[in-house]
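User: Please examine the following structure with me. I shall ask about its helices, its sheet and a few single residues.

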Amino acid sequence: MTDTTPQKSLTLLGLGDMGTALARTWLAAGHSLTIWNRTPAKAGPLAAEGAVVAASAAAAVAANALVVTCLLDDASVRSTLEGVDLTGKDLVDLTTGTPAEARARAAWAEARGARYTDGGIMATPTMIGVPEAGGYVFYSGSRALFDTHRATLEVPAGARFVGEDPGHAALHDVALLSAMYGLFAGISHAYALTEGEDIAPKILAPLLSEWLGAMGFFVGNAADRLTSRDFTTGVVSNLAMQVAASGTLLRTAQEQGVSAELISPYLDLMRRRLTADPAVHGGEDTAGAILLLKP
């Protein structure tokens with residue numbers, strides 16, 4: 001569906017680094033923006049750029065049908081909007097939170113007469129308003145709200161609607177961030193192994209990028225196997241071999257004086273899957289170990 005009645009005015013609550021980046025992008029695009037922040041001083045520069053500064057959160061909410069929150073946490077959203085009249089408002093919460101918090105906040109908002117859509121921002125503040133940077137926002141909850149305001153929501157970054165379950169934007173957000181931190185952990189371990197050796201980080205960096213790119217096939221492979229529950233067909237490097245090889249990784253870390261704390265949890269997970277039944281699991285793809293994380 002497309003937005004046939006784009007809204008050119010909105011309210012933004014929260015002017016941290018991300019909120020400020022969002023505000024500047026909407027203002028630059030010609031939107032009428034009402035802002036509020038718990039620390040009023042942060043609103044000054046944006047007022048000079050054309051934003052209307054509200055004296056209170058309630059006054060800011062009253063100014064527009066579309067209200068966007070970008071605050072510290074879910075508790076901040078509750079405390080900011082407690083007692084504020086939300087009747088007829090469209091509330092988009094871009095505050096980072098959990099799926100359960102998003103679902104509870106949706107029910108809370110709807111009980112107060114508002115439509116609700118949750119958002120998970122997959123971008124840093126410097127990526128906001130820069131289409132070529134590739135940032136985007138996951139949205140979930142009221143599809144009607146999303147469709148009504150899509151043109152406005154797409155101004156700061158791309159908009160991807162991922163379902164009417166209000167928790168799904170946060171779930172997508174955290175799933176991708178969790179994968180990111182796992183990747184960072186492996187990269188950090190690799191650099192630690194070579195620290196102090198005659199291997200410059202600048203030499204290792206392109207090799208790491210190339211290798212990790214080549215291993216990107218695991219994403220689609222794991223999705224296929226989790227869908228089919230077939231962990232044995234077409235296996236290239238089976239679990240038994242991977243577990244056997246993991247000893248080399250651990251011994252190398254010990255020799256280099258490097259803690260294995262960043263990689264040992266995953267190696268332990270593979271070992272648990274194998275030892276549960278070597279005859280059954282030994283020939284499997286390593287994606288089968290994922291099932292141990294949520295029995």
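User: At what angle do helix H7 and helix H8 pack?

Analyst: This is a predicted model, in which local features need pLDDT of at least 70, side-chain atom pairs count only at pLDDT 80 or more, and totals for chains, interfaces and linings use all residues. Residues are numbered from 1 along each chain as its sequence is written, and side-chain values use heavy atoms, with hydrogens and water left out. Helices (H or I, at least four residues) and strands (E, at least two) are DSSP runs numbered from the N terminus, while axes are lines fitted to C-alpha atoms, for helices over the stretch in contact, with angles from 0 to 180 degrees between N-to-C directions. The axes of H7 (residues 168-194) and H8 (residues 201-214) are 11 Å apart, and the packing angle is about 145 degrees.

User: Is H4 roughly parallel or roughly antiparallel to H5?

Analyst: The axes of H4 (residues 74-81) and H5 (residues 99-111) come within 11 Å and cross at roughly 15 degrees. Angles under 35 degrees count as roughly parallel, over 145 as roughly antiparallel, 65 to 115 as roughly perpendicular and the rest as oblique. H4 is therefore, relative to H5, roughly parallel.

User: Which residues of H5 does H4 meet?

Analyst: H4 contributes Asp 74, Val 77, Arg 78 and Leu 81 to this contact. On the H5 side, the residues are Glu 101, Arg 105 and Trp 108.

User: Which strands stand at the edges of the sheet?

Analyst: Two strands pair if DSSP finds at least two bridges between them. Eight strands form an open sheet with mixed pairing, in the order S3-S2-S1-S4-S5-S6-S7-S8. Each edge strand has a single partner strand, so one side of each is left without a neighbour in the sheet; these strands are S3 (52-53) and S8 (158-161).

User: Over how many bridges do S1 and S2 pair?

Analyst: Strand S1 (residues 9-13) has four of its five residues buried (under 20% relative accessible area; exposed is over 50%, partly exposed in between; 1.4 Å probe, protein chains only). Thr 11 has Thr 34 in S2 as its bridge partner. S1 and S2 (residues 32-36) pair in the parallel sense, and the number of bridges is five.

User: What is the bridge partner of Leu 12 in S4?

Analyst: S1 also pairs with S4 (residues 66-69), in the parallel sense and over three bridges. Within S4, the partner of Leu 12 is Val 68.

User: Which residue in S8 stands opposite Tyr 139?

Analyst: Strand S7 (residues 136-141) pairs with S8 in the parallel sense over four bridges. The residue opposite Tyr 139 is Phe 161.

User: What angle does the direction of H6 make with that of S6?

Analyst: Helix H6 (residues 143-153) packs on the sheet, where it touches S1, S4, S5, S6, S7 and S8. The angle between the directions of H6 and S6 is about 50 degrees.

User: Is Ser 76 buried or exposed?

Analyst: Ser 76 is found in helix H4. Not counting residues up to four places away in sequence, Ser 76 touches Arg 38 and Leu 71. Because its relative accessible area is 15%, Ser 76 is buried.

User: How far apart in space are Gly 50 and Gly 158?

Analyst: Gly 50 lies in the loop between helix H2 (44-48) and S3, and is partly exposed with a relative accessible area of 48%. In sequence, Gly 50 and Gly 158 are 108 residues apart. Their separation in space, C-alpha to C-alpha, is 24 Å.

Notes: Contact = heavy atoms within 4.5 Å.
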